[in-house]
Amino acid sequence: MKKLATIIFAILMLPAVVLAGEFKATVVKADRAKNQIVVRTDKGDEPLELKGVKGGEHVKEGARVMVKISDKDGKVSEIAPSE
């Protein structure tokens with residue numbers, strides 16, 4: 001039972017580990033009313049919450065961006081134009 005709990009915990013934590021750091025993406029959709037965007041990476045489309053995100057207010061559809069993820073909580077911390 002303990003082994004099963006460990007496996008389930010590891011599976012649940014995998015997205016936070018994979019997303020920690022930063023990645024490049026293209027903004028597919030920007031929904032200001034919901035305060036979120038959808039970005040496309042080589043792994044597929046990913047919705048992102050913009051509340052409290054530095055630089056999120058300037059993001060436009062079609063833009064190439066660098067998305068930075070907080071190591072602390074695994075949430076988006078900053079979105080900047082990609083070079």
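**Entry 1: Ala30**

I started with Ala30, which counts as partly exposed at 22% relative accessibility. My cut-offs: buried is under 20% relative accessible area, exposed is over 50%, and partly exposed is in between, with a 1.4 Å probe and protein chains only. I was working on a predicted model, where local features need pLDDT of at least 70, side-chain atom pairs count only at pLDDT 80 or more, and totals for chains, interfaces and linings use all residues. Residues are numbered from 1 along each chain as its sequence is written, and side-chain values use heavy atoms, with hydrogens and water left out.

I found Ala30 in strand β1. Strands (E, at least two residues) and helices (H or I, at least four) are DSSP runs, numbered from the N terminus. What does Ala30 touch, not counting residues up to four places away in sequence? I listed Gln36, Ile37, Val59 and Glu61. A contact here means heavy atoms within 4.5 Å. I also checked Ala30 against Leu50: they are 20 residues apart along the chain, and their C-alpha atoms are separated by 9.8 Å.

**Entry 2: the whole chain**

I stepped back to the overall layout. The protein has 1 helix and 5 strands. From the N terminus, the order is α-β-β-β-β-β. Of the 83 residues, 24% are buried. Next I looked at contacts with a separation of 6 or more: 42% of them join residues 24 or more positions apart.

In soluble globular proteins, nonpolar side chains tend to be buried together. I looked for that here. The largest nonpolar core has 14 residues, and Ile37, Val39, Val67, Val76 and Ile79 have the most contacts inside it. Which strands each supply at least two residues of this core? They are β1 (21-31), β2 (36-41), β4 (64-69) and β5 (76-81). By definition, such a core is a set of buried Ala, Val, Leu, Ile, Met, Phe, Trp, Tyr and Cys residues joined through side-chain atoms within 4.5 Å.

Leaving aside neighbours within four places in sequence, Ile79 is in contact with Ile37, Leu50, Val53, Lys54, Gly55, Val59, Val65 and Met66.

**Entry 3: Thr26**

Back to strand β1, where I found Thr26. Thr26 counts as partly exposed, at 24% relative accessibility. Its side chain makes a polar contact of 2.8 Å with the side chain of Arg64. A polar contact is a pair of N or O atoms within 3.5 Å; within protein, one must be able to donate a hydrogen and the other to accept it, and residues adjacent in sequence count only if both atoms are side-chain atoms.

Beyond four places in sequence, Thr26 is in contact with Val38, Val39, Arg40, Gly62, Ala63 and Arg64. Thr26 and Gly62 are 36 residues apart in sequence, yet 6.1 Å apart in space, C-alpha to C-alpha.

**Entry 4: two loops**

Is Ser70 buried or exposed? Ser70 is buried, because its relative accessible area is 19%. I placed Ser70 in the loop between β4 and β5. The side chain of Ser70 makes a polar contact with the side chain of Asp73, at 3.3 Å. Leaving aside neighbours within four places, Ser70 is also in contact with Lys75 and Ser77.

Asn35 is in the loop between β1 and β2. I noted its phi, near 60 degrees, a positive value in a residue other than glycine. Most residues other than glycine have a negative phi. Asn35 is partly exposed, with a relative accessible area of 30%.

**Entry 5: Pro81**

I found Pro81 in strand β5. Pro81 counts as exposed, at 71% relative accessibility. Leaving aside neighbours within four places in sequence, Pro81 is in contact with Arg64, Val65 and Met66. Pro81 and Val67 are 14 residues apart along the chain, with 8.9 Å between their C-alpha atoms.
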